[in-house]
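I opened the model to look up a few things.

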Amino acid sequence: MSARDDTLSARFKGALGSFRLDVDLTFPANGITALFGPSGCGKTSLLRCFAGLNRLDDGDFSIEGEVWQDGKTFLPSHKRAIGYVFQQANLFPHLSVSDNLAFGLKRLARGEREAAARRFDELVSLLGIGHLLDRAPRKLSGGERQRVAIGRALLTAPKLLLMDEPLSALDFEAKREILPYLESLRKNLSVPVLYVTHAPNEVARLADHIAVIENGCVLASGPLTETLARLDLPIRWEEGAGVAIDAEVAEIDAQWHLARVAFPGGSLWVRDPKKPVGTNVRVMVLARDVSLALEASENVSIVNHLPATVLEIADGDHPAVVAVKVDVGGTPLIARLTARSAALLGLEPGKPVFAQIKSVAIVE
Ligand SMILES: Nc1ncnc2c1ncn2[C@@H]1O[C@H](COP(=O)(O)OP(=O)(O)OP(=O)(O)O)[C@@H](O)[C@H]1O
């Protein structure tokens, strides 16, 4: 494939002991693809196939015109231009931050090394680690250590960055601290990232694309908003299930500390994120915060009412519950209702309704 191709395709099929992996995945050549699924579904095994650490006989993956695996070729791990970030930073304890960062450059060819050295300053600044360069790893916080590990992986100019639950070993505060840096990497770098997680908030915050993995297979893969809104996927019952929507700050109500954020199809009032009008933000509308009504009611405390059309109704994980997908001017939302409410409202595909949204969070 050429560098201008905008998607990558991978296929890995075979057994790892008694576990079978049967993956067929297409994902964007830019941005973050979240590999999302329950423990033991095969996410790490899949990353290891990309890295050349698992060798399944039946596999295909090429990137930027270079075959990493096909029927004839299997490029060993050390010849693949990958960055790999694990749960633990695994920095060399006897080297300074600066030397840890530079370590990966050694394996690059001369021309590549010069280009990578030029990237050093940019990456150090994107990751906010400039003031840490002389420190020893033991004198860093968990979040700082992980930022250095990400910098080290990226400095080798990988064609593919693999991240295996990079935040799972961090506490809540350290996660909060590191997320903005990951977000700025997503906006500023063009390397494709496969990001393993089972945290819905990380998916909502960082992913452009999501692949839902179950029992060693890709159950679904697609752009974030549409895929999170699919009613045929188990994620709609996850705690925190909902739809992430890309929006823009359109208006500030300084008196009430609110901001109106606009998205294709409508707008929502949210707590003022203290960002100027015109800033892109991502909002999360949880299924449990959406209720449906046949008329726009003015006398309730909920400020967000959006005209919508029912698209699809699916049975819940309990007979008392249903999930309803509605369309708001081209943007999908999901609502979790009791089956009785859905029957009383006579909900069916095509029916016009109002989505009442109790709470909308800016994802940050
Ligand atoms: N080399 C191997 N030989 C035998 N079994 C393996 C091998 N590698 C992985 N497995 C098994 O494959 C299954 C999937 O493991 P994997 O670590 O890929 O899941 P995961 O989705 O990353 O889980 P978690 O979220 O808990 O990290 C597990 O049952 C694991 O024991």
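My entries follow in that order.

**Ground rules.** I am working on a predicted model, where local features need pLDDT of at least 70, side-chain atom pairs count only at pLDDT 80 or more, and totals for chains, interfaces and linings use all residues. I number residues from 1 along each chain as its sequence is written.

**Domains.** I looked up the domain assignment of the protein chain first. It gives domain 1 (7–237) and domain 2 (242–362); such bounds come from an automatic or database assignment. I read 32 Å between the C-alpha centres of the two domains. For contacts I took residues whose C-beta atoms, placed from the backbone, lie within 7 Å. Nine residues of domain 1 then touch 15 residues of domain 2. On the domain 1 side, helix α7 (residues 224–228) gives the largest share, four residues. Helices here are DSSP runs (H or I, at least four residues), strands likewise (E, at least two), numbered from the N terminus. By class, that side has six nonpolar, one polar and two charged residues. I count Ala, Val, Leu, Ile, Met, Phe, Trp, Tyr, Cys and Pro as nonpolar, Asp, Glu, Lys and Arg as charged, and the others, Gly among them, as polar.

**Ligand shell.** Which residues are around the ligand? I noted Leu16, Gly17, Phe19, Gly37, Ser39, Gly40, Cys41, Gly42, Lys43, Thr44, Ser45 and His198. The cut-off is a C-beta atom, placed from the backbone, within 6 Å of the molecule. The shell divides into three nonpolar, eight polar and one charged residue. Helix α1 (residues 43–51) supplies the largest share, three residues.

**Helix α1.** I checked burial next. A residue is buried if 20 or more other C-beta atoms, all placed from the backbone, lie within 10 Å of its own. Seven of the nine residues of α1 are buried, so the helix is largely enclosed by the rest of the structure. They are Lys43, Ser45, Leu46, Leu47, Arg48, Cys49 and Phe50. After α1 comes Gly52, with a positive phi near 80 degrees.

**Sheet.** I traced an open sheet of five strands, order β15-β19-β16-β17-β18, with antiparallel pairing. Two strands pair if DSSP finds at least two bridges between them. β15 (290–293) and β18 (331–338) are the edges, each pairing on one side only. The twist averages 45 degrees from one strand to the next, using lines fitted to C-alpha atoms and angles from 0 to 180 degrees between N-to-C directions. Strand β17 (residues 321–328) pairs with β18 over eight bridges. I picked out Val326, whose bridge partner in β18 is Leu333.

Conventions
Two residues are in contact if their C-beta atoms, placed from the backbone, lie within 7 Å. A residue is buried if 20 or more other C-beta atoms lie within 10 Å of its own, exposed if 12 or fewer, and partly exposed in between; C-beta atoms are placed from the backbone.
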